[in-house]
Amino acid sequence: MERKAVLKVPNGKLLRITADIDETVLVSVQITGDFFVYPEESILQLEQLLRYQPLEKDLLLYMIDAFFKQNSVELFGVTAEAISDAIMQCTSQEKR
């Protein structure tokens with residue numbers, strides 16, 4: 001089931017998440033917004049990494065944070081925690 005979340009990061013940018021969720025599994029996710037990331041392709045790599053992961057906030061935050069650190073990804077206007085929070089917001093929305 002596709003779900004969406006939009007989050008304005010405090011003192012940051014707008015973050016949009018489109019997620020395909022199957023009960024407790026994140027089947028796929030698209031991360032967009034007006035933030036900046038270097039290198040740009042790292043967002044696509046992160047989206048691939050998060051496919052078919054359990055929807056557990058701490059696990060998602062750990063995976064996202066570790067991915068950014070291991071790949072020397074620089075984020076401007078958004079944080080790993082904001083991305084995991086926005087993904088989890090998708091789970092609280094009514095099914096569309």
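Colleague: Is the crossing of H2 and H3 left-handed or right-handed?

Modeller: The crossing of H2 and H3 is right-handed, meaning that the near helix is turned clockwise from the far one by less than a right angle. Helices here are DSSP runs (H or I, at least four residues; strands are E, at least two), numbered from the N terminus. The model is a predicted one, in which local features need pLDDT of at least 70 and side-chain atom pairs pLDDT 80 or more, while totals for chains, interfaces and linings use all residues. Residues are numbered from 1 along each chain as its sequence is written, and side-chain values use heavy atoms, with hydrogens and water left out.

Colleague: At what angle do the axes of H2 and H3 cross?

Modeller: Two packed helices are described by the angle and the distance between their axes. Here the axes of H2, residues 57–70, and H3, residues 80–91, cross at roughly 145 degrees and come within 9 Å (lines fitted to C-alpha atoms over the stretch in contact, with angles from 0 to 180 degrees between N-to-C directions).

Colleague: Which residues of H2 and H3 meet?

Modeller: On the H2 side they are Lys57, Leu60, Leu61, Ile64, Asp65 and Phe68, and these meet Ala80, Glu81, Ile83, Ser84, Asp85, Ile87 and Met88 of H3, where contact means heavy atoms within 4.5 Å.

Colleague: Is Glu40 buried or exposed?

Modeller: Glu40, in the loop between S4 and H1, counts as exposed because its relative accessibility is 65% (exposed is over 50%, buried under 20%, partly exposed in between, with a 1.4 Å probe and protein chains only). From C-alpha to C-alpha, Glu40 lies 8.9 Å from Val73, although 33 residues separate Glu40 and Val73 in sequence.
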